[in-house]
Amino acid sequence: MFKVFVTRAIPEEGLNLLRKYCEVEVSPYDRMLTKEELLKKVQGKNAVITQLTDKVDKEFFEAAKEVKIVANYAVGFDNIDLEEATKRGVYITNTPDVLTNATAELAWALLFATARRVVESDKFMRAGKFQGWAPMLFLGKGVTGKTLGIIGAGRIGQAFAKMAKGFDMKILYTARSPKKEFEEETGAQYVDLDTLLKESDFVSIHVPLTPETRHLIGERELKLMKESAILINTGRGPVVDEKALVKALKNKDIYAAGLDVYEREPLFEEELAQLDNVVMLPHIGSATEEARRDMSILVAQNIIDIIEGRVPRTLVNKEVLNK
């Protein structure tokens, strides 16, 4: 029987679907497996459902000699050595689309939380400091009519932009190439990164992590932004130079930042936690019941595709088809 290992518990909807076809083993630990635990568990398995925190490299494939598919429970796949997987004829899949709106919504939650100083105000109330309405209490930044800069107009970036229509915002975006249909639907303007940083009141990051996007936003780029601007990152942590961000926030080079991802997760620059002009979340971009359920079903469907002799529906390394 086809054997599947799941490195961390996911919603039952996907697991129940798999159990109709496979023998499914789920890690009993509610934590990331150690390298040794992971390598031991993948031995003899035909499929593995992995998390972004699982490193799928040459050593992994050496241990998982019988694996046919690695179904990553995420839209990103920078934790996987695609070249090594393709060389070995292993299919790699991800979970696009089903988490698009959830992540875009969270980017908006961070935007409003930082602009209107929601977390600061909540702490103030819980500390019993509220003495009544005051004309200068927790003044923040308005959103309506402002300029929104989107770095990376893929699925999530475009969904985020479409949600801005209700706030009558000017939309600027960067991408590998202009996206005419997106521009027609939202009025967005394709610009270079420097222009976007200089002109935007809010900058939201939605690019994947690649060698080209690592530290895409560093000290130079942060200095280009308005002192009144807010940076939002729900993409990948290493896209932003975290030390440079701390410096910019402390020096008031930018107004605030809203972060759901970090450069060295689960670690982050300690000084971030000491700053009031940062809202920090524990990588919950796709954390809605609906999105996580649909992600579990999609990873299961990809594995079932392999079992039934079909090309997995969200295959990442399409070059493997030539093997």
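In the predicted model, Tyr190 is partly exposed, with a relative accessibility of 36%. Tyr173, by contrast, is buried at a relative accessible area of 0%. A pair of aromatic rings is described by the distance of the centres and the angle of the planes. Nine aromatic pairs are counted in the model. One of them joins Trp108 to Phe112, with ring centres 5.8 Å apart and planes at 35°, a tilted arrangement. These two residues lie four places apart in helix H5 (residues 100–115), so about one helical turn separates them. An α-helix has 3.6 residues a turn, so residues three or four places apart point the same way. Trp108 is buried, its relative accessible area being 6%, whereas Phe112 is partly exposed at 30%. Tyr173 and Tyr190 form another tilted pair, with 5.4 Å between the centres and 55° between the planes. Here the partners come from distant parts of the chain: Tyr173 belongs to strand S7 (residues 170–174) and Tyr190 to strand S8 (residues 189–190), with a spacing of 17 residues.

Ring pairs also connect Trp108 and Phe112 with Phe160 and Phe167, and the four residues form a cluster. Phe160 is among the buried residues of helix H7, together with Ile156, Gly157, Gln158, Ala159 and Ala161. Helix H7 spans residues 155–162 and is mostly covered, six of its eight residues being buried. The buried residues of H7 pack against H5, strand S6 (147–151), S7, helix H8 (180–186) and strand S9 (202–205).

Charged side chains are placed over aromatic rings at two sites described here. The charged end of Lys141 sits over the ring of Tyr255, at 4.7 Å from the ring centre. The charged end of Arg31 is found over the ring of Tyr29, 4.3 Å from its centre.

Strands S7 and S8 belong to an open sheet of seven strands with parallel pairing, in the order S8-S7-S6-S9-S10-S11-S12. Its edges are formed by S8 and strand S12 (278–280), each of which pairs on one side only. Within the sheet, S9 and strand S10 (residues 230–233) are joined in the parallel sense by four bridges. Phe202 has Ile230 in S10 as its bridge partner. Helix H5 packs on this sheet and touches S6, S9, S10, strand S11 (256–259) and S12, its direction making about 150° with that of S10. Helix H11 (residues 242–250) lies across S10, S11 and S12 and runs at about 145° to S11.

A UniProt annotation from an unreviewed entry, "domain: D-isomer specific 2-hydroxyacid dehydrogenase NAD-binding", covers residues 109–285. Over residues 109–285 the chain is 30% helix and 15% strand. The end C-alpha atoms of this stretch are 10 Å apart.

Another open sheet contains five strands in the order S2-S1-S3-S4-S5, again with parallel pairing. Strand S2 (23–26) and strand S5 (91–93) stand at its edges; each has a single partner strand, so one side of each has no neighbour in the sheet. Neighbouring strands of this sheet are turned against each other by 15° on average, direction ignored. Strand S1 (residues 3–6) and strand S3 (residues 47–50) run parallel and are joined by three bridges. Val6 stands opposite Ile49 in S3. Helix H1 (residues 12–19) packs on the sheet through contacts with S1, S2 and S3, and its direction makes about 145° with that of S2. Helix H12 (residues 289–307) also packs on the sheet, touching S1, S3, strand S4 (69–72) and S5. The direction of H12 makes about 165° with that of S4.

Asn317 is located in the segment after H12. This residue is buried, with a relative accessible area of 1%. Leaving aside neighbours within four places in sequence, Asn317 is in contact with Ala85, Thr86, Val90, Tyr91 and Ile92.

Note on methods: Residues numbered from 1 in each chain as written. Predicted model: local features only at pLDDT ≥ 70, side-chain atom pairs only at ≥ 80, totals over all residues. Heavy atoms only, no water. Phe/Tyr/Trp six-rings, centres within 6.5 Å; stacked < 30°, edge-to-face > 60°. Buried < 20%, exposed > 50% of the residue type's maximum accessible area, 1.4 Å probe, protein only. Lys NZ or Arg CZ within 6 Å of the ring centre and 35° of its normal. Pairing = 2+ DSSP bridges. Axes fitted to C-alpha atoms, helices over the stretch in contact; angles between N-to-C directions. Contact = heavy atoms within 4.5 Å. UniProt positions renumbered as here; feature names shortened; annotations may be inferred.
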